[in-house]
Amino acid sequence: MGVQDLQDHVLVQCDFEIFGQVQGCGFTKHCRDNCLALGIKGWVKNSKQGTIMGKMQGAKGDVGKMVEWLSKTGSPGCKIDKAEFINWGTCSRFAFTDFAIRF
């Protein structure tokens, strides 16, 4: 295992908000399903402002894959205008037991 492999397994966390036509197209469900498949913990929800908001914690490499998905791919039928990722940090353990859709 090289240095890059070790860095990819460091636990990181961030908050995110996705802007555009992202509600009413299954975005939260697809986000949850992708995070669960990658072993990422946290939550996602529709905001009253019409955006998608959430928090994720996981291995740096896996969170990086979700950042890419949230920024460029999204769910079928969505149109992502902008993605913001804030409050980046490392964590020693998960604060969540799974990845959930909040209401």
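Predicted model: local features only at pLDDT ≥ 70, side-chain atom pairs only at ≥ 80, totals over all residues.
User: What makes Phe 27 and Trp 69 an aromatic pair, and why is the pair called tilted?

Analyst: Their ring centres are 5.3 Å apart, and rings pair if their centres lie within 6.5 Å. The planes meet at 50°; under 30 degrees would count as stacked and over 60 as edge-to-face, so the rest are tilted. A search of the whole structure finds one aromatic pair.

User: Why is this pair said to tie together separate parts of the chain?

Analyst: Phe 27 belongs to helix 2 (residues 27-38) and Trp 69 to helix 3 (residues 60-73), so the parts being tied together are 42 residues apart in sequence.

User: How do you know whether Phe 27 and Trp 69 are buried or exposed?

Analyst: Buried means under 20% relative accessible area. Phe 27 has 1% and Trp 69 has 13%, so both count as buried.

User: Why are helix 2 and helix 3 described by the direction they are given?

Analyst: The two helices pack at an angle of about 160°, with axes 10 Å apart. Angles over 145 degrees count as roughly antiparallel, so helix 2 and helix 3 are roughly antiparallel to each other. Their crossing is right-handed.

User: What makes Lys 82 count as a charge over the ring of Phe 19?

Analyst: The charged end of Lys 82 is 4.5 Å from the ring centre of Phe 19 and sits over that ring; the distance limit is within 6 Å. Lys 41 likewise lies over the face of Phe 94, at 5.4 Å from the ring centre.

Note on methods
Residues numbered from 1 in each chain as written. Heavy atoms only, no water. Phe/Tyr/Trp six-rings, centres within 6.5 Å; stacked < 30°, edge-to-face > 60°. Helix = DSSP H or I, 4+ residues; strand = E, 2+ residues; numbered from the N terminus. Buried < 20%, exposed > 50% of the residue type's maximum accessible area, 1.4 Å probe, protein only. Lys NZ or Arg CZ within 6 Å of the ring centre and 35° of its normal. Axes fitted to C-alpha atoms, helices over the stretch in contact; angles between N-to-C directions. Parallel < 35°, antiparallel > 145°, perpendicular 65-115°, else oblique. Left-handed = near helix turned anticlockwise from the far one by under 90°.
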